[in-house]
Amino acid sequence: MAKGNQIVQAFPAASGMKGIVVDNGTEKRLFYVTPDGQSLVAGMMFDVQGTNLTTVDLGRTNVPNLAQAPDEKLSAAQRSALWEKVSKLNWFSEGTSSRIIYVFFDPSCAYCHELWGMLRTPVSAGEVQVRWIPVSLLRVSSSELSASIYARSAKGEQLSVIMAEMANRQLQTAPVSEEVKQRLADNLAVFREAGFRRIPMILYRDGGQVRVYEGSPLPKDLAIMLEKE
């Protein structure tokens with residue numbers, strides 16, 4: 001607060017925590033304050049059943065699209081150029097729809113697993129084609145898991161089976177070849193060049209304009225991304 005941040009909303013959260021929405025003048029973020037009031041926590045909170053409580057709490061805030069990266073970070077021209085760069089990366093495709101979204105993901109990311117699950121119905125219904133782009137951000141094993149996806153998909157294995165193993169944390173690692181190492185480096189370079197910080201990171205088109213969404217989307221936000229132009 002001494003640096004100009006303002007608490008614009010506060011509410012009781014799970015386990016004695018307090019949720020607060022902080023406005024730093026350019027963006028609003030959700031944090032948790034510990035019961036003793038001495039520590040501030042940034043990040044996702046889950047209960048023992050695996051429910052993403054942060055997603056639930058986001059729905060309680062008065063801040064729309066809190067997880068969304070402001071499009072102002074990139075101009076319309078920059079987002080359009082980014083789409084062209086991303087289209088040339090080594091992605092994995094699910095679905096055959098002309099409605100395309102790109103997703104940067106880390107195989108070790110629980111929120112990426114959650115997003116994969118959310119997309120099962122629209123992919124199966126032919127509503128969207130998802131192009132998955134792996135990056136290694138969270139763990140050393142992320143590269144080895146990505147290598148496994150690359151290797152198995154190259155052999156013709158069904159991507160939905162491979163990704164289901166990933167989402168259920170059953171995917172086995174594979175050696176990282178120089179080719180895969182370069183692919184992951186290329187993917188990460190585009191991710192970093194665009195100024196992205198969190199995963200999953202989603203690119204989609206809205207009325208002809210390229211949009212970006214940072215973080216795990218709420219169902220209502222995902223529905224907007226999947227609306228036909």
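Isoleucine 101 sits opposite valine 130 in strand E7, and tyrosine 102 stands opposite arginine 131 in E7. The model is predicted, so local features need pLDDT of at least 70 and side-chain atom pairs count only at pLDDT 80 or more, while totals for chains, interfaces and linings use all residues. Residues are numbered from 1 along each chain as its sequence is written, and side-chain values use heavy atoms, leaving out hydrogens and water.

- Strands E6 (residues 100–105) and E7 (residues 129–134) run parallel and are joined by six bridges; strands are DSSP runs of E, at least two residues, numbered from the N terminus.
- E5 and E7 pair in the antiparallel sense over three bridges, and two strands pair if DSSP finds at least two bridges between them.
- Phenylalanine 92 has tryptophan 132 as its bridge partner in E7.
- The open sheet has the order E5-E7-E6-E8-E9, with mixed pairing.
- Its edge strands, E5 (92–94) and E9 (209–214), each pair on one side only.

**Inside strand E7**
- Six of the six residues of E7 are buried, so this strand is largely enclosed by the rest of the structure; buried means under 20% relative accessible area (1.4 Å probe, protein chains only).
- Gln129, Arg131 and Ile133 point one way, whereas Val130, Trp132 and Pro134 point the other way.
- In a regular strand, side chains alternate between the two faces of the sheet.

**The hairpin**
- Strand E1 (residues 6–12) runs antiparallel to strand E2 (residues 18–23), with six bridges joining them.
- Glycine 19 in E2 is the bridge partner of phenylalanine 11.
- Five residues lie between E1 and E2 in this hairpin, and serine 15 in the turn has a positive phi of about 55 degrees.

Key
Helices (H or I, at least four residues) and strands (E, at least two) are DSSP runs, numbered from the N terminus. Buried means under 20% relative accessible area, exposed over 50%, partly exposed in between (1.4 Å probe, protein chains only).
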